[in-house]
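Please read the following walk through a single chain with the structure open beside the text.

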Amino acid sequence: MAIGLVGKKLGMTQRFFENGESLPVTVLKIEKAKVVDVINKEKKGYSAVLVGYGYIKNSKLTKQMKGFFAKKSQEPKKILKEFRLENTEELKPGTEINLDVLKDKKYVDVRAKTIGKGFAGSMKRHNFGGMRATHGVSISHRAHGSTGQCQDPGKVFKGKKMAGHMGAKYRTTLGLEVVEADLENSLLYLKGAVPGSKNSYVEIQEAIKNKNKLSIKERVEKYKASLAEMQSTKKDKKKKDKKTETPATQKSEGEGAEKK
């Protein structure tokens, strides 16, 4: 596992590129991160790094967390995440972690809490088709139908698709393409949608699955290379045309002088 980042979802926009493509992108503001503690394999049986993200007032901390941060002699952080690493020698408490971690990465995995929809019916929650609008169906057009059985087993099985609370669950989106990483403003542009509402926190890590697909940067570079090839071939053709035209024009000029 590699060290991940935590960002705040600012919203969605559109990016245009030189090859004519336009991509929908989600903008994430990356929070400043610091290593709070380094966990050794000798003490806990595994090696990991505890990273803190975001600013929080000291008055909003519990007594236990105040003592924890005071013991580590670190400023309080809003979010704490633990990442298991094999080599923790380079990292020490207090070292900063920036967007440079994902600078050269093509794809990332994103985890966030989805938008809460409240109490939803079966048609909205589970995409049920519903019952007929007419012909004897009364007051049960959007109902989910029968739920239980007869006297045996006499209960509704767990996991039955029914109306209930929808959304507000952690979901992971795999393999989102990194369109751009703005290191100066600590902004990350990801292709497509990211779970969660605006100003919600998003966990970002290096993609687990490998993709053989060309990224937008590679496609733009390919387009530029093809343009350069086309321009060079045009120049070569012009040179060849000039070379072929010069002796013919000389002959025609000589013939004209002889006629005079």
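Q149 is in contact with K155 and F157, leaving aside neighbours within four places in sequence; contact means heavy atoms within 4.5 Å. Q149 belongs to the loop between α3 (122–126) and β9 (164–166). Helices (H or I, at least four residues) and strands (E, at least two) are DSSP runs, numbered from the N terminus. With a relative accessibility of 39%, Q149 counts as partly exposed. On this scale buried means under 20% relative accessible area, exposed over 50%, and partly exposed in between, with a 1.4 Å probe and protein chains only.

The model is a predicted one, in which local features need pLDDT of at least 70 and side-chain atom pairs count only at pLDDT 80 or more, while totals for chains, interfaces and linings use all residues. Residues are numbered from 1 along each chain as its sequence is written, and side-chain values use heavy atoms, with hydrogens and water left out.

Two further loop residues can be described in the same way. I115 sits in the loop between β7 (107–113) and β8 (118–120) and is partly exposed, with a relative accessible area of 43%. Residues up to four places away in sequence aside, I115 touches G167, A168, G196 and S197. From I115 to K198 there are 83 residues in sequence, but the C-alpha to C-alpha distance is 9.3 Å. S200 is found in the loop between β11 (187–191) and β12. S200 has a relative accessible area of 16% and is buried. The contacts of S200, leaving aside neighbours within four places in sequence, are with G7, K8 and K9.

Two strands pair if DSSP finds at least two bridges between them. Strand β1 (residues 5–16) runs antiparallel to strand β12 (residues 201–206), and 4 bridges join them. The bridge partner of K8 in β12 is Y201. β1 also pairs with strand β2 (residues 22–30), again in the antiparallel sense, over 9 bridges. In β2 the bridge partner of K8 is K29. The hairpin of β1 and β2 has 5 residues between the strands, and G20 takes a positive phi near 95 degrees there.

Elsewhere, 4 strands form an open sheet in the order β5-β4-β3-β6, with antiparallel pairing. Strand β3 (residues 33–39) and β6 run antiparallel and are joined by 2 bridges, and A33 stands opposite I97 in β6.

Which residues touch the most other members of the largest nonpolar core? They are V108, L188, L190 and I204, in a core of 27 residues. A nonpolar core is a set of buried Ala, Val, Leu, Ile, Met, Phe, Trp, Tyr and Cys residues joined through side-chain atoms within 4.5 Å. Leaving aside neighbours within four places in sequence, the contacts of L190 include P24, V25, L28, V108, V110 and L176.

Y189 also has a charged neighbour: R15 lies over the face of its ring, at 4.9 Å from the ring centre. A charge sits over a ring if NZ of Lys or CZ of Arg is within 6 Å of the ring centre and within 35 degrees of the ring normal. In another such case, the charged end of R84 sits over the ring of Y46, 4.0 Å from its centre.

The structure holds 1 aromatic pair. The rings of F68 and F69 have centres 5.5 Å apart and planes at 75 degrees, so the pair is edge-to-face. Rings of Phe, Tyr and Trp (its six-membered ring) pair if their centres lie within 6.5 Å; planes under 30 degrees apart count as stacked, over 60 as edge-to-face and the rest as tilted. F68 is partly exposed at 24% relative accessibility, whereas F69, with a relative accessible area of 3%, is buried.

In total, the chain has 4 helices and 12 strands. Its radius of gyration is 31 Å, well over the 18 Å that the globule rule gives for 260 residues, so the chain is more spread out than a compact globule. That radius is taken over C-alpha atoms, and the rule is 2.2 Å times the number of residues to the power 0.38. The C-alpha trace spans about 115 × 75 × 35 Å along its principal axes. Buried residues make up 29% of the 260 residues.
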